[in-house]
Amino acid sequence: MKNAIKREPCKLVCRWPSVSILCNKKTIITALLALVTMAGQAQEPFFRTDSAFIIGKVNGIAPQAKPKQIIVAWNNAITNNMRDKTVDVSADGDFTCRMQLHHPVLSNLVISENNKVPFYLMPGETLHMELKQDADGHWTCNYGDGSAAKKVERLLKANLDYTNEYRMMIADNSDLKRHTALCDSLIRATLGNIEAMADARQFTPYERQLAQTMATSAICEGFLFRHGVLCRADLNRTFTDSLYRAELCAPEYYAPLKYLPLNDPVLFVPYSYSPFATVLATTPVCALATFMSYYAVEIQQLRQAMNRMTGDEDNLLTQMAMMQILPKGLTRAAEAYVRRQQALADTTLTAEDRAAWEASAYVPLDTVRHRALDGITQPELRKEAERLFTATFDESIAYPIPEGDGKALLERIIQPYRGKFVLIDFWAMWCGPCKQAIEESRDLRRQLQDNPDLRLIFIAQEDAPETSEAYKQYVRENLLGADCYPVSRKELGQMMELLRFGGVPHYVTISPDGQIMRNSLNYFSNNYDLFLQRLDEMKVRLSGSNETKNY
């Protein structure tokens, strides 16, 4: 017909920037379903802390071929901690893993170096998994009905891996301009492949999002690695040559980050987020922003740098980057306050030194709070940031044992020592620094054995205390008869989560009334007089704190 209107396919702009998709009626329906799915998920906070369990079964494999152990890996995006837990597989093929989650995770069970089984898990959920091997020796999994993993099963069974794309970016040694162009081209091609695969496998909208996030975060990790290499290759030039520094930090050389879902928490779900965030922290933009620490000013410097880098003000990635340096920034600020107070209270200080301290810049606590928290607007992140600030500047000397899975065990261990200070040394036979500290502190601990106000005890991660001759011999020869409580790897993990520490060796001091002292004793100095001085100071502060409470 002469006057017929030429109909063009409508263009739907994808939520992934710079990627446009020509779509038909089916694509529009898919997009609408995504909105419905997101609306349903919005009722449940993305960031929330709760226990989660994997209950697994290895079936259809001869007993001698069954794995003896499986490693469960996951990440905590708020602290950028990559966690893993080794769980035993029984003779019947059963295994169980408990973990503390702070948001949904997409990660792997590691059976061997080349055999991984993906899983998706939500805080508060129990996931049932049945593992089998196919005729080619590849591991497969059936996920429990009704689980969150079942809803993304098509994605999980696709076994997506973007290691080759990551390595392609790592291997590229071109200048930043060409490196950026290569990354942009690779991401576009990969996202196109994902769209074709997602159509073929009939992915849900959320599965598409996860696949896109996995790919872009892995490629961007390799892309940013190059920036960190250039920064470290000539640190002196990086800090002294303003033109070179400006080139390293130019926003156009970080343009591929636009492909990440910067304002969608789905970014933090895949395990690939944590290595990406680790590399991000080493880029010139982030490293230069946080190099100088002064009463939490580095947190706002990082915020401004990240906003310039991403071109998107206070997006979720920026807020998460701020969260990851927040604990250290607050701790340094608190230490600066303590140093100033101690100096001004020192009666031996010369008049000249006192005048210098009094003239030194003093930053009010309200200013530090503003620097630390301004820009962190996501409700759950803001709540955690507020908690960290309060805990850091809390002047109380002790606090009750928090609620958690390890609380009952810890209370049973310390119960016999009520009325005394208890210094707990967390250690393990496989930990070289733990054993070094124990051996070097032998003389100090021998001097402290008869102190009526103190008990030194040990908590050892040891799964076979009754049968391990090496463990029993080490305890006999080095602990000088002190009480030692062996705990399993699982139990140690529970206490680490309870007391918020990341590894061993670690020291915790318990007050005579069973509370946790905010600043623990330790025997790093191996100095008897200094140890007693710190213990006496702790007694005085605790006594004053109790009198204030009673008043």
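Which residue follows helix 11, and is its phi positive or negative? Helix 11 is followed by Gly 311, and the phi of Gly 311 is positive, near 70 degrees.

Okay, some background. What you're looking at is a predicted model. The chain has 551 residues, and 46% of them count as buried. Its secondary structure comes to 21 helices and 16 strands. If you draw a box along the principal axes, the C-alpha atoms fill roughly 105 × 70 × 50 Å. And on contacts: take the ones between residues at least 6 apart in sequence, and 69% of those join residues at least 24 apart.

Is helix 11 largely enclosed or largely open? Ten of its 14 residues are buried, so the rest of the structure largely encloses it. Among those buried residues are Ile 299, Leu 302, Met 306 and Met 309, but also Glu 298 and Arg 303. As for what they pack against, there are four partners: helix 9 (273-281), helix 10 (284-289), helix 12 (316-345) and helix 14 (365-373).

Two of those partners, helix 9 and helix 12, also meet each other. Quick reminder: a packed pair of helices is described by the angle between the axes and the distance between them. For helix 9 and helix 12, the axes come within 11 Å and cross at roughly 75 degrees. On the helix 9 side the contact uses Tyr 273, Phe 276, Ala 277 and Leu 280, and on the helix 12 side Leu 317, Met 320 and Gln 324. By class, that's six nonpolar, one polar and no charged residues.

Now, how does helix 12 sit against helix 15, residues 379-392, and what is the angle? It's about 5 degrees, with the axes 10 Å apart. Anything under 35 degrees counts as roughly parallel, so this pair is roughly parallel. Helix 12 brings residues including Leu 316, Met 320, Met 323, Leu 326 and Leu 330, while helix 15 brings, among others, Leu 381, Ala 385, Leu 388 and Phe 389. The contact divides into eleven nonpolar, three polar and one charged residue. And notice that Met 320 turns up here as well as in the helix 9 contact.

Last topic, the cysteines. How many disulfides does the structure hold? One. That disulfide joins Cys 431 to Cys 434, with S to S at 2.3 Å. There are 80 degrees about the S-S bond, and the link is right-handed. Cys 431 and Cys 434 are both buried.

What about Cys 183? Cys 183 is in no disulfide, and the nearest cysteine sulfur, in Cys 220, is 4.9 Å away. Cys 183 counts as buried because its relative accessibility is 0%.

Note on methods:
Residues numbered from 1 in each chain as written. Predicted model: local features only at pLDDT ≥ 70, side-chain atom pairs only at ≥ 80, totals over all residues. Heavy atoms only, no water. Buried < 20%, exposed > 50% of the residue type's maximum accessible area, 1.4 Å probe, protein only. Helix = DSSP H or I, 4+ residues; strand = E, 2+ residues; numbered from the N terminus. Contact = heavy atoms within 4.5 Å. Axes fitted to C-alpha atoms, helices over the stretch in contact; angles between N-to-C directions. Parallel < 35°, antiparallel > 145°, perpendicular 65-115°, else oblique. Nonpolar A, V, L, I, M, F, W, Y, C, P; charged D, E, K, R; others polar. Disulfide = S-S within 2.5 Å.
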